[in-house]
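Reader: I'd like to go through this one together and ask where the labels come from. Can you walk me through it?

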Amino acid sequence: MTAILAVKLILVPALIYLVTWVGNKWGPAVAGWLSAFPIVAGPILAVMTFEQGAQFGASAAKGTLLAVNAILVFGLVYAWASTKFAVLGSLLCALSVYAITVFVLSLLQAPLLACFTLVIVMLLIAPRFLPNLKIEPICHATPNTVIWRMLAGAILVATVTFFAANMGPRFSGLLAMFPVMGTVLIGFSHHYSGRNFAISMLRGMMFGYYAFACFCAILALLLARHSAIIAFGGALACALAVQLVAKQWMPKAG
């Protein structure tokens, strides 16, 4: 768990900085799309696999795949809550429903194909239930704001990793998908750039999770049959291809 924490503490603040920069340059939808790529969860699953073995890693990857559903629920609840509440109220609503969803998912026993199918169905329908709001002009994050985002991400990572310790592969996988990026990026974007900016970022995230889902599903499948290097290499290659396709699809669908 120490290695996982170290990976998170390095990658999460770095990704928050990168996504914030992308949001300033290309807008919230592209930033959300990029933030969903498994830059953080991928290395975490790799550490789990090399420390605990391929079977543990495959089970964790399956749990992480299922957790995409909880992330989508988090996004939907936050988007609708933000039409009535400020950042704190919206986060409390979203995280409460997220926690309930994770608990329900932890009880679900289903084969990998069924889990993947459920995630894809959710990804197809979730953007349709987001509030249909006009995107506000891009608001650039100041250097001080970016630093606070990175610090908040690091603190949240340390807290979640502490509670995820010794929970087994399924809960470890589920909590690997705790919405650190969503909580920090969406919360700060909502506060500084407006509700519509935050919802547009959430929409972009939903398109980015197609690649994430493919990464987790292929990783879980390959770890049962091949070496970890082949499994992670194949999963990453597929995720990159799907990420590019999703980017082309996003403006048309979105």
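Predicted model: local features only at pLDDT ≥ 70, side-chain atom pairs only at ≥ 80, totals over all residues.

Reader: What makes H9 mostly covered?

Author: In H9, 12 of the 14 residues are buried, where buried means under 20% relative accessible area, exposed means over 50%, and partly exposed is in between (1.4 Å probe, protein chains only). Among them are Val180, Met181, Leu185, Phe188 and His190. After H9 comes Gly194, with a positive phi near 105°.

Reader: How does the span of H4 compare with what is expected?

Author: H4 runs over residues 54–81, and its 28 residues reach 40 Å from first C-alpha to last, close to the 40 Å expected. H4 is mostly covered too, with 23 of its 28 residues buried.

Reader: Why is Thr101 called buried?

Author: Thr101 has 16% relative accessibility, so it counts as buried. Thr101 belongs to helix H5, residues 87–106. Leaving aside neighbours within four places in sequence, Thr101 is in contact (heavy atoms within 4.5 Å) with Ala70 and Val73.

Reader: And why does Ser90 count as buried?

Author: Ser90 comes out at 0% relative accessibility, so the label is buried. Not counting residues up to four places away in sequence, Ser90 touches Tyr78, Ala81, Ser82, Phe85 and His190.

Reader: What about cysteines: how many disulfides does a search of the whole structure find?

Author: The search finds 0, a disulfide being a pair of cysteine sulfur atoms within 2.5 Å. Take Cys216: the nearest cysteine sulfur, that of Cys214, is 9.5 Å away, and Cys216 is in no disulfide.

Reader: Is Cys216 buried or exposed? And why is Cys93 called partly exposed?

Author: Cys216 is buried, because its relative accessible area is 0%. Cys93 has 30%, so it is partly exposed.

Reader: Which residues form the nonpolar patch on the surface?

Author: Trp80, Val121, Leu124, Ile125, Phe129 and Trp249 form it, with about 580 Å² of accessible area together. Patch members have over 30% relative accessible area and no salt bridge; nonpolar side chains (Val, Leu, Ile, Met, Phe, Trp, Tyr) are joined within 5 Å, like charges within 9 Å. A salt bridge is a Lys or Arg side-chain nitrogen within 4 Å of an Asp or Glu carboxyl oxygen. Areas use the Shrake-Rupley method with a 1.4 Å probe, and for residues only the protein chains shown count as cover. Helix H6 (residues 112–125) gives the largest share of the patch, 3 residues, while Phe129 lies in the loop between H6 and helix H7 (143–164).

Reader: How many helices and strands does the protein have?

Author: The protein has 11 helices and 0 strands. Of its 254 residues, 55% count as buried.

Methods: Residues numbered from 1 in each chain as written. Heavy atoms only, no water. Helix = DSSP H or I, 4+ residues; strand = E, 2+ residues; numbered from the N terminus. Expected span 1.5 Å × (residues − 1).
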